[in-house]
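Colleague: Hey, I'm new to this one. Could you walk me through a few spots in it?

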Amino acid sequence: MAELLSFAVPTESDKTLLVWELNSGPTAEALHHSLFTVFSQFGLLYSVRVFPNAAVARPGFYAIIKFYSAKDAYRAQKACDQKQLFQNSPVKVRLGTKHKAVQHQALALNSSQCQELANYYFGFNGWSKRIIKLQDLSDLEEGAKEDTAAPLQKQRLKFFCALEVVLPSYGCRSPGAGMAEEPLDNLEEESGKIAVEYRPYEEITDGSIEDKLQDLIQVSYFSWKQYGQGEEECLSDLSFEEQEFKLPELD
């Protein structure tokens, strides 16, 4: 059965692995490199995070690894559990299990992560994108008219963008649209002006594309603050298989 992957931060428990019984000899940076080398063989990784064991436990480390694909995470868990991998003693690898009542809003990937995900599954030359329309929806002028004394932090920048993604090998074209908004005081300002440059890669030759955009019934909305957030919140809701995970206590 085919798996549907979303261009969003993976928060599902079946895409999350816990790896423990990592030796204390290497540094956290060296363990990060070793873990990434091993687990990236099973699929594209969203993140690898290494943490020291709690003070009451034996010296060492544990890691939390996130995949974009649940199938890749499952294969990695089966292949690596109770294996020595890059150290003399075996490690333990478990899939996360999340409480059913816990739900999180999907967080958008940043541009480089989206391109990395597309390149991995479609190939570097297997897809392309072009901007169809970029429109400024900011309320700067409107806010100035309503209240000329309004503080700067109440003004916001808002942009709408419509683009088309093309998969040549599959003969597939898919239009999409999104909107982003950010308070003006969070952005850099120079001489009282903010410039946005729009450079389409090619001219629009299909006049029906813009008409098709009117049929879109869902527009993604997110704040720039979502980037780099959310993972810490999701980790607190995860537990792991094989009873409850507990670091071994010191004798």
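This is a predicted model: local features need pLDDT of at least 70, side-chain atom pairs count only at pLDDT 80 or more; totals for chains, interfaces and linings use all residues.

Colleague: How many aromatic pairs does the structure hold?

Modeller: There are 3 aromatic pairs. One of them is formed by F51 and Y62, and that pair is stacked, with 5.3 Å centre to centre and 25° between the planes.

Colleague: Why does 25° between the planes count as stacked?

Modeller: Because planes under 30 degrees apart are put in that class.

Colleague: Where do F51 and Y62 sit in the chain?

Modeller: F51 is in strand β2, residues 45–52, while Y62 belongs to strand β3, residues 61–67. The two are 11 residues apart, so the pair links distant parts of the chain. As for surface, F51 is partly exposed at 22% relative accessibility.

Colleague: And Y120 with Y121, what kind of pair is that?

Modeller: Y120 and Y121 make an edge-to-face pair, 4.9 Å centre to centre with 75° between the planes.

Colleague: How accessible are those two tyrosines?

Modeller: Y120 has a relative accessible area of 41%, and Y121 has 35%. Both fall between 20% and 50%, so they count as partly exposed.

Colleague: Switching topic: is Q77 buried or exposed?

Modeller: Q77 is buried, at 7% relative accessibility, because the cut-off for that is under 20%. Q77 is part of helix α2, residues 70–80.

Colleague: What is Q77 in contact with, leaving aside neighbours within four places in sequence?

Modeller: With those neighbours left out, Q77 is in contact with L17, V93, R94 and L95.

Key
Residues are numbered from 1 along each chain as its sequence is written. Side-chain values use heavy atoms; hydrogens and water are left out. Rings of Phe, Tyr and Trp (its six-membered ring) pair if their centres lie within 6.5 Å; planes under 30 degrees apart count as stacked, over 60 as edge-to-face and the rest as tilted. Helices (H or I, at least four residues) and strands (E, at least two) are DSSP runs, numbered from the N terminus. Buried means under 20% relative accessible area, exposed over 50%, partly exposed in between (1.4 Å probe, protein chains only). Contact means heavy atoms within 4.5 Å.
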